[in-house]
Amino acid sequence: MEYLNDLMMGFSVALTPQNLMFAFIGCVMGTLVGVLPGLGPSAGTALLIPLTFTLPPTGAIIMLAAIYYGSQYGGTITSVLINVPGEASSAITCIDGYQMAQQGRAGAALAISAIGSFIGGTIGVMGLVAAAPLTEFALEFGPVEFFALMVLGMTLVSGLAGSSMIKALISATLGLLLGTVGMDPAQGVPRFTFGSMELMEGIGFIPVIMGLFGVSEVLTNAEEEWKPIVTAKMSSLWPTMQDLKESFGPICRGSVIGFVLGLIPGMTGSACSFSAYVAEKKLSKHPEKFGTGMIAGVAGPETANNAHANASYIPLFTLGIPGSATVAILMGAFMMNGLTPGPFLFKEHPDVVWGVIASMYIGNVMLLILNLPLVGIWVKILKIPYSVLFAVIMGFMMLGAYASENSSFDILSMLLFGVVGYLMRKLDFPLAPAVLTLILGPLMEKNLRRSLEMSQGDFHIFLESPIAVGLLIAAIIVLLLPMLRLLKYLKRPAADA
Amino acid sequence: MTRVHQAASLLIIAFCSWVGITSVQMTYYTSIGPGPGFFPFWLALIMGVLSAIWFIQLWLRPLPGSAMDFVPNRAGCIRVVALILSALIFGLVLEKVGFSLSMFVFLLFLLIALGRQSIMVTLSVSLLGSFGVYFLFTQYLKVPLPAASIGFISGLGF
Amino acid sequence: MKENQRAVTSFRGTAAASGFRLATSSGLVLACLALASATVSPAQAAEPKYPDKSRPIQVIVPFSAGGPTDIQARIVTDFMGKDIGANMVVVPKPGAGSQIGLQQLVSSKPDGYTIGITNNPTSMGVYLMPSRKATFNRASFAPIGMFLFDPETITVKADGPYKTFKDLIDAAKAKPKSVRVTTNGLFSDDHMAIVSVAKATGAQFALVHFDGTPEEVAGLISGRTAAAFMGVGGSMAHVRSGALRHLVVMDDQPMPSLPGIPTMKSQGVNFAIGSSRGMSGPAGMPREAIAVLEASLGRAMKDHTVVEKINAMGTPIRYLNAADFGKFWENMEAQIRPSIDLMLADQGIEEKGTAK
């Protein structure tokens with residue numbers, strides 16, 4: 001009940017015309033930042049920090065927070081329409097979202113992802129209200145548990161396979177190898193950097209996904225005289241009843257996955273959306289149809305990345321530990337305004353904390369209202385003839401690759417991965433496993449190293465943590481399940497023959 | 001088709017051998033755990049074995065179609081190569097020539113040579129995409145994009 | 001050589017573009033001036049008084065947009081730009097632990113229109129470490145001024161077993177390699193501090209390298225790690241909230257903001273380190289330009305808003321003028337030089353001898 005009163009007070013702060021306006025500006029800016037590739041939520045928030053100097057603290061933080069969750073809505077748009085992920089956590093949406101666009105169902109994909117984002121975001125914010133007990137969970141996750149979680153994540157790769165398991169595994173190993181480029185976590189020596197400084201901190205993730213998905217798509221289309229993106233008749237802008245029914249489960253599960261993973265400091269939005277996608281594929285009655293425009297493959301991940309974005313505030317508000325890179329920047333904004341994030345914030349400045357939380361509810365409603373009508377406008381982009389659109393897409397990607405780190409090197413690495421992706425498509429290799437392992441691999445290696453630094457080389461440390469043991473057992477089960485099925489299959493060969 | 005895929009698998013094996021040889025030169029194991037060379041070595045080995053299995057699979061069950069199906073027709077080839085080359089040149093000259101001018105020429109080339117657009121469409125898209133974007137990013141979004149660094153081009157105001 | 005070519009990206013002669021900006025913002029007179037200067041090519045014109053208002057001053061930040069250095073740079077240059085009437089543009093050039101941005105800074109034209117933010121000892125780590133193959137050293141920079149110094153501390157859980165620096169060292173000596181202490185990265189200033197303390201006291205720690213301050217804090221609060229080597233800036237919020245406490249601060253003097261916390265020198269280890277932010281140009285920058293920027297940075301450090309914003313982030317302001325900053329740089333380099341070898345040895349790398 002006490003929480004409810006606090007929340008009511010928060011709404012009274014957030015609903016002042018001035019704060020509503022800040023939330024609105026933040027939502028619009030966030031959507032824009034999400035749409036422009038290369039301008040991720042971190043950079044977008046950072047750019048606006050100087051502009052907030054003259055604002056009142058609550059207003060400034062409301063606006064910066066809105067940019068973050070707004071960007072999670074915006075990132076989807078380019079993934080669905082032109083197969084270019086606007087930001088990392090929307091990369092997986094390319095796979096089924098773009099297929100839907102090709103079938104003339106871009107409207108449904110965008111609408112469902114806006115609805116899913118709204119639900120995921122709202123659930124994330126609701127979790128903020130009941131934050132305190134969840135904090136313990138966040139603290140339980142040290143390097144040991146994180147490593148075990150990454151191992152479990154790796155086993156999901158098999159779920160991303162297309163027609164050939166061998167090819168999926170080769171693709172996954174490629175992602176892992178790419179993840180080893182840069183300074184190694186054990187000795188700090190450069191690996192596979194060819195003496196280049198740009199590769200010291202590893203291959204840039206944004207250029208790789210833009211290359212693999214976006215550039216390779218344009219190259220593939222260039223083979224035949226610019227065939228249009230939409231090959232079927234454009235259907236209604238709105239999802240059908242069938243779509244809504246099929247999205248219900250994925251949205252629920254995406255919310256849970258994003259929320260739980262969002263609590264863990266160091267987890268990225270892209271890892272959440274990938275996990276949600278794989279979960280949908282594993283649970284689906286038609287896993288083979290994923291990659292051909294399944295709405296579940298859009299709804300799940302898009303919900304998960306929004307739930308993650310909002311849940312990652314929980315460790316910030318309760319412990320003063322930012323859950324993600326963007327939240328870390330927001331923490332800077334809090335501190336610049338004389339507010340110290342942590343357990344005392346609720347007591348010392350309840351108006352600010354509850355005002356920001358309430359504004360996040362309102363902001364999610366705003367984004368839904370803002371995004372649904374925009375779907376119609378975005379989809380019009382697909383009416384531009386592809387012989388013009390391809391040039392715009394290329395220019396757009398060049399700009400995005402450069403702007404993310406002000407580096408021409410990233411343009412060149414995007415092109416390289418564009419060619420790699422093009423060849424992989426032609427040879428019928430799935431791209432998703434490589435991207436998943438590129439996200440998880442470095443996290444896994446780092447946390448393995450840290451765990452061993454903690455135990456000074458003793459592997460028993462992994463057996464001392466009940467959470468880690470549970471996760472590792474889950475990983476073994478996931479690995480063994482297909483083998484059990486194989487055994488069953490081998491036992492009844494006569495029937496098939 | 002089978003030949004193309006088998007060639008690809010051999011290329012991957014060659015790549016893995018290179019990775020493997022490179023990683024052997026790095027520390028394999030440190031006093032407390034895997035060193036820099038540990039993961040690359042095993043990954044290269046696994047990838048190599050997987051590619052070998054793929055090679056054998058192809059040998060046992062050849063794919064339909066001839067090797068020529070892999071390569072697009074002549075015009076398609078030219079478009080793909082032109083796209084890659086023009087983007088490569090753009091990436092190389094961007095910081096010298098500046099964003100506005102290099103993006104303008106890049107879009108002009110793509111739209112005229114590859115897109116075969118009318119002059120009106122070409123010019124308006126190229127101008128908006130280069131000078132328009134430069135103005136928007138540097139003035140309103142405060143994202144710095146490179147200006148020209150070569151004397152005579154920068155003297156012209158790019 | 002490739003780096004050098006990449007690096008030359010001065011914003012020479014964007015007069016036309018900025019002329020337009022001025023026209024929209026500051027009225028017709030300025031626009032006319034800007035257009036006038038645009039029609040004269042830079043080579044022919046007499047060197048104008050610094051700063052030429054039609055030319056942006058590029059401030060290279062060798063770290064990611066949104067990181068603490070980037071934000072601090074934006075706060076300071078926001079003031080300085082208005083103060084000297086120039087357009088100061090923050091350009092984040094992250095990568096290779098600041099090596100990419102620094103390389104670009106030192107190879108840019110020393111005309112005062114490209115300057116950068118230098119974090120020490122991070123940049124020293126870059127050019128002193130032989131494996132980095134850096135092509136620059138201290139002499140490649142022209143110091144303008146230092147604006148921030150965040151001294152290193154040893155921080156522990158408030159209700160944990162270690163109440164003093166001695167407790168921690170004794171525990172590490174009693175059971176070598178069992179007391180877990182953390183850094184926020186390999187070869188960071190935290191890492192330099194740990195190896196130096198270990199060497200001076202003979203204690204042996206179990207070093208855990210995290211990726212950032214948040215993870216170090218989580219480690220301490222959960223009790224997974226014993227002590228964190230971290231800056232005052234990153235730890236202050238948690239000390240105020242009562243979750244963590246400082247054992248020692250590695251500054252020359254006790255800090256007024258940390259009452260009762262001894263310096264490490266008073267504990268018998270003669271070592272002071274911390275993370276500093278300074279403003280530097282490439283060597284050979286005109287004296288006049290340095291003087292203008294130095295004076296403006298000095299005024300920024302007295303400006304109420306700037307001081308308040310930076311202090312509120314928990315990172316203590318410390319202003320040094322160009323000459324003092326140069327001396328500070330030299331002293332710090334002499335002090336951390338030995339710790340580079342110690343760090344490399346600690347990682348099991350045999351490569352000895354630091355670069356010149």
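Author: Here is a close look at one helix pair, with its chain as background. This is a predicted model, where local features need pLDDT of at least 70, side-chain atom pairs count only at pLDDT 80 or more, and totals for chains, interfaces and linings use all residues. Residues are numbered from 1 along each chain as its sequence is written, while chains are lettered from A and ligands numbered from 1 in the order in which they are written.

Chain A has 23 helices and 2 strands. These are DSSP runs numbered from the N terminus: helices are H or I with at least four residues, strands E with at least two. Of its 497 residues, 66% count as buried, meaning 20 or more other C-beta atoms, placed from the backbone, lie within 10 Å of the residue's own.

Now the pair. Helix α2 (residues 17-35) and helix α17 (residues 350-380) of chain A have axes that come within 9 Å and cross at roughly 55°. Axes are lines fitted to C-alpha atoms over the stretch in contact, and angles run from 0 to 180 degrees between N-to-C directions. The angle makes α2(A) oblique to α17(A); oblique is what remains after under 35 degrees (roughly parallel), over 145 (roughly antiparallel) and 65 to 115 (roughly perpendicular). The crossing of α2(A) and α17(A) is right-handed: the near helix is turned clockwise from the far one by less than a right angle.

From α2(A), the contact takes A:Asn19, A:Ala23, A:Phe24, A:Gly26 and A:Cys27. From α17(A) come A:Gly355, A:Ser359, A:Ile362, A:Gly363, A:Met366, A:Leu367 and A:Leu370. Contact means C-beta atoms, placed from the backbone, within 7 Å. The class count is 7 nonpolar, 5 polar and no charged residues. Ala, Val, Leu, Ile, Met, Phe, Trp, Tyr, Cys and Pro count as nonpolar, Asp, Glu, Lys and Arg as charged, and the others, Gly among them, as polar.

Methods. Buried ≥ 20, exposed ≤ 12 C-beta atoms within 10 Å, placed from the backbone. Contact = placed C-beta atoms within 7 Å.
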